[in-house]
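Please look over the model below with these notes beside it.

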Amino acid sequence: MVADVVGLSFGTLIVLGGVIGFLKSNSTASLISGLVFGALIAVTTQYAATHAQGFSLVPAAVCLVLGLIMGSRFLQSKKFMPAGMVATLALAMFVRYTLKYF
């Protein structure tokens, strides 16, 4: 079985970020969004790694949505941590998955 370690690590990072956001500021929105996006990234990444080439667009779409959401939060808050970092990483993963498709 092939595993995409980079994608799974990114999904884990997103989950951990949501948990840390919940523990630091008691934000259930951070917890829920971290768990949902992290799980979606991890599951779609593993699915794309074990199936045909065309499935790499599924985790790319998830990363794009996460990057756009966190990018807009970064533009509103002007604080790089955590929104700017997550937006940057998510958009980098979007590019990675898009390049895998082509």
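1. V86 lies in helix α4, where helices (H or I, at least four residues) and strands (E, at least two) are DSSP runs numbered from the N terminus. V86 is buried, with a relative accessible area of 14%; buried means under 20% relative accessible area, exposed over 50%, and partly exposed in between, with a 1.4 Å probe and protein chains only. Leaving aside its neighbours within four places in sequence, V86 is in contact with I14, L66 and M70, contact meaning heavy atoms within 4.5 Å. The C-alpha atoms of V86 and T98, which are twelve residues apart along the chain, are separated by 18 Å.

2. A word on the basis of these notes: this is a predicted model, in which local features need pLDDT of at least 70 and side-chain atom pairs count only at pLDDT 80 or more, while totals for chains, interfaces and linings use all residues. Residues are numbered from 1 along each chain as its sequence is written, and side-chain values use heavy atoms, with hydrogens and water left out.

3. The largest nonpolar core has 15 residues, of which F10, I14, I41, C63, L66 and M70 touch the most other members; such a core is a set of buried Ala, Val, Leu, Ile, Met, Phe, Trp, Tyr and Cys residues joined through side-chain atoms within 4.5 Å. Two or more residues of this core come from each of α1 (5-25), α2 (28-50), α3 (57-77) and α4 (80-101), and α4 gives the most, with six residues. For I41, once its neighbours within four places in sequence are left aside, the contacts are G7, F10, G11, I14, V62, C63 and L66.

4. Which residues line the largest pocket closest to its centre? Among the 24 lining residues, they are G17, G18, S30, M70 and P82. About 610 Å³ of space lies in this pocket, and its lining takes two or more residues from each of α1, α2, α3 and α4, with the largest share, nine residues, coming from α1. A pocket here is an open set of points on a 1 Å grid over the protein atoms alone, where a 1.4 Å probe fits and protein lies on both sides within 12 Å along at least five of seven lines; lining residues have an atom within 4 Å of a point. The volume is the space filled by probe spheres set on the points, which are joined across faces, edges and corners.

5. Some backbone values deserve a careful look, since most residues other than glycine have a negative phi, and most peptide bonds are trans. The peptide bond from M81 to P82 is cis, with omega near -5°, and P82 lies in helix α4. N26, in the loop between α1 and α2, has a positive phi of about 55° although it is not a glycine, and at 58% relative accessibility N26 counts as exposed. K78, in the loop between α3 and α4, has a positive phi near 60° and is likewise exposed, at 62% relative accessibility.

6. As for the rings, the count comes to one aromatic pair. The rings of F74 and F80 have their centres 6.3 Å apart and their planes at 85°, so the pair is edge-to-face; rings of Phe, Tyr and Trp (its six-membered ring) pair if their centres lie within 6.5 Å, with planes under 30 degrees apart counted as stacked, over 60 as edge-to-face and the rest as tilted. F74 is partly exposed, at 29% relative accessible area, and F80 is partly exposed, at 47%.
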